[in-house]
Amino acid sequence: MTQHSSRSTSLQTVVGAGTLLLGGLLAWGATSISSEAGYGGVGPNFFPWVVAIVLIVCGVLSIIHARTGGFRDLEEASGDGSAHWKGFVWVSVGLLLNAMLITTLGFILSCALCFVLAVRGFKSSEGRLDLSPKAWFKDLLIGVALAAPVYWMFTQLLAINLPGLTNTGWL
């Protein structure tokens, strides 16, 4: 397996082309959004167009910069040379379970579970994976402490419906 340096001008060109392609796809998608002006004279397609144009400009500038010598003041990467797949699996399982269980467990508990599994993944990548019940419980409490105020802010203050464990609107 070959390892590409972040200083590689061809890799930088590919990243610029990917950014350009993403901007083009977003622009194409924005053409299907209504342009009728809403509140304040701005239609629903305004922000997708702004993001698409910014991505296209960044993509073009990245390609030009890469083809004329590359990113000259780029620091060497500080992370591992390869991906940490066990950590990736922990985080991915957390995200997938959150998506699968959010309507069953409710926003707070499913997000807390996602947090717990993401912590396992990040600590695993640092070589500090702790699978003790105490660590799981501590991270679950932190996850609930983070998710609960977000849930309450969205449901109580902003009146945005998120799935709850009960129909009270508080859990």
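Predicted model: local features only at pLDDT ≥ 70, side-chain atom pairs only at ≥ 80, totals over all residues.

Visitor: What angle do α4 and α5 pack at, and how far apart are their axes?

Guide: The angle is about 135 degrees, and the axes of α4 (residues 107-125) and α5 lie 7 Å apart.

Visitor: Is the crossing left-handed or right-handed?

Guide: α4 passes α5 in a right-handed crossing.

Visitor: Which side chains meet D139 in a salt bridge?

Guide: R120 does, at 2.8 Å from N to O. That pair links distant parts of the chain, with D139 in helix α5 and R120 in helix α4, 19 residues apart.

Visitor: Are D139 and R120 buried or exposed?

Guide: Both D139 and R120 are buried.

Visitor: How many salt bridges does the structure hold?

Guide: There are 2. E126 forms one with R128, where the closest N and O atoms are 2.8 Å apart.

Visitor: Switching topic: what's nonpolar on the surface?

Guide: A patch made of V150, M153, F154, L157, L158 and I160, with about 520 Å² of accessible area together. L157 sits in helix α5, residues 133-157, and counts as exposed because its relative accessibility is 69%.

Visitor: And the whole chain, how many helices and strands?

Guide: The protein chain has 5 helices and 0 strands. Of its 171 residues, 23% count as buried.

Conventions. Residues numbered from 1 in each chain as written. Heavy atoms only, no water. Patch = residues over 30% accessible without salt bridge, like charges linked within 9 Å, V, L, I, M, F, W, Y side chains within 5 Å. Areas by Shrake-Rupley, 256 points an atom, 1.4 Å probe, with all protein chains shown as cover. Salt bridge = Lys/Arg side-chain N within 4 Å of Asp/Glu carboxyl O. Helix = DSSP H or I, 4+ residues; strand = E, 2+ residues; numbered from the N terminus. Buried < 20%, exposed > 50% of the residue type's maximum accessible area, 1.4 Å probe, protein only. Axes fitted to C-alpha atoms, helices over the stretch in contact; angles between N-to-C directions. Left-handed = near helix turned anticlockwise from the far one by under 90°.
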